[in-house]
Amino acid sequence: MVYAIIEADGKQIWVEPGKYYDVNYIPGEPGDYIQFNKVLVLKKEHSIHLGRPCINSVVIKGKILKHIKGKKITIFKTKPKKNSRRKKGHRQKLTRLLIEEFLQ
């Protein structure tokens, strides 16, 4: 089993080659390739490489599949005794990435 833990947009994500992941919006067109340089942990068959804080020699290559919107979140605010109510919704913009390979 081969996997890596990368830092993307301030979050740590466990990734494996050949799988897709939803991360916060990354500017780019579907079909564009993107590289992640901040690799924190890399596990190959029988070895684990730990970065302090990052492994400089490893690059993760991914492809932008599409841009999507996340699940709708409803925000409802009230003020007591004032008959003041506010209802608002939000959908986060996401990017679906396909992790293709780990380059060294």
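# Terms and values in a predicted model

Visitor: What makes Glu100 partly exposed?
Guide: Glu100 has a relative accessible area of 29%. Buried means under 20%, exposed over 50% and partly exposed in between, using a 1.4 Å probe and protein chains only. Its 29% falls in between, so Glu100 is partly exposed.

Visitor: Where is Glu100, and which residues are in contact with it once neighbours within four places in sequence are left aside?
Guide: Glu100 is in strand β10 (a strand is a DSSP run of E, at least two residues, and strands are numbered from the N terminus). Its contacts, meaning heavy atoms within 4.5 Å, are Pro17, Gly18, Tyr33, Lys61, Gly62 and Lys63, with neighbours within four places in sequence left aside. Asn24 is 76 residues from Glu100 in sequence and 19 Å from it in space, C-alpha to C-alpha.

Visitor: Why is the pair of side chains of Asn24 and Asp9 called a polar contact?
Guide: A polar contact needs a pair of N or O atoms within 3.5 Å; within protein, one must be able to donate a hydrogen and the other to accept it, and residues adjacent in sequence count only if both atoms are side-chain atoms. The side chains of Asn24 and Asp9 make such a contact at 2.8 Å, and that value is within the limit. Asn24 belongs to strand β3, residues 20-24. Beyond four places in sequence, Asn24 is in contact with Lys11, Gln92, Lys93, Leu94 and Thr95 as well as Asp9.

Visitor: Is Arg85 buried or exposed?
Guide: Arg85 has 60% relative accessibility, over the limit for exposed, so it counts as exposed. This residue is in strand β9. Leaving aside neighbours within four places, its contacts are Phe76, Lys77 and Thr78. The side chains of Arg85 and Asn83 are joined by a polar contact of 3.1 Å. Pro17 is 68 residues from Arg85 in sequence and 47 Å from it in space, C-alpha to C-alpha.

Visitor: What stands out about phi in Asn83 and Lys81?
Guide: Phi of Asn83 is positive, about 55°, although Asn83 is not a glycine. Phi of Lys81 is near 65°, also positive in a residue other than glycine. Lys81 is in the loop between β8 (73-79) and β9 (84-90), and Asn83 is in the loop between β8 and β9 too. At 88% relative accessibility, Lys81 is exposed, and Asn83 is exposed at 64%.

Visitor: Why is the peptide bond from Arg52 to Pro53 called cis?
Guide: Its omega is near 0°. Pro53 lies in strand β6, residues 48-55.

Visitor: What makes Val59 buried?
Guide: Its relative accessible area is 18%, under the limit for buried, so Val59 is buried. Val59 is in strand β7. Leaving out residues up to four places away, it touches Gln35, Phe36, Asn37, Glu101, Phe102 and Leu103. Ile6 is 53 residues away along the chain, with 9.7 Å between the C-alpha atoms.

Visitor: Which residues touch the most other members of the largest nonpolar core?
Guide: They are Val15, Phe36 and Ile60, in a core of 19 residues. Such a core is a set of buried Ala, Val, Leu, Ile, Met, Phe, Trp, Tyr and Cys residues joined through side-chain atoms within 4.5 Å. Two or more residues come from each of β1 (3-8), β2 (11-15), β3, β4 (33-36), β5 (39-43), β7 (59-69) and β10 (93-103). Ile60 touches Ala4, Ile6, Ile34, Gln35, Phe36, Val39, Ile99, Glu101 and Phe102, residues up to four places away not counted. In soluble globular proteins, nonpolar side chains tend to be buried together.

Visitor: How many cavities of 30 Å³ or more are there?
Guide: The count is 1. A cavity is a set of points on a 1 Å grid over the protein atoms alone where a 1.4 Å probe fits but cannot get out, and lining residues have an atom within 4 Å of a point. Points are joined across faces, edges and corners, and the volume is the space filled by probe spheres set on them. The largest cavity holds about 40 Å³. Its lining is Ile6, Ala8, Ile13, Val15, Tyr21, Val23, Phe36, Leu97 and Ile99. β1, β2, β3 and β10 each give two or more residues to this lining.

Terms used. Residues are numbered from 1 along each chain as its sequence is written. This is a predicted model: local features need pLDDT of at least 70, side-chain atom pairs count only at pLDDT 80 or more; totals for chains, interfaces and linings use all residues. Side-chain values use heavy atoms; hydrogens and water are left out. On a 1 Å grid over the protein atoms alone, a cavity is a set of points where a 1.4 Å probe fits but cannot get out, and a pocket is an open set with protein on both sides within 12 Å along at least five of seven lines; lining residues have an atom within 4 Å of a point.
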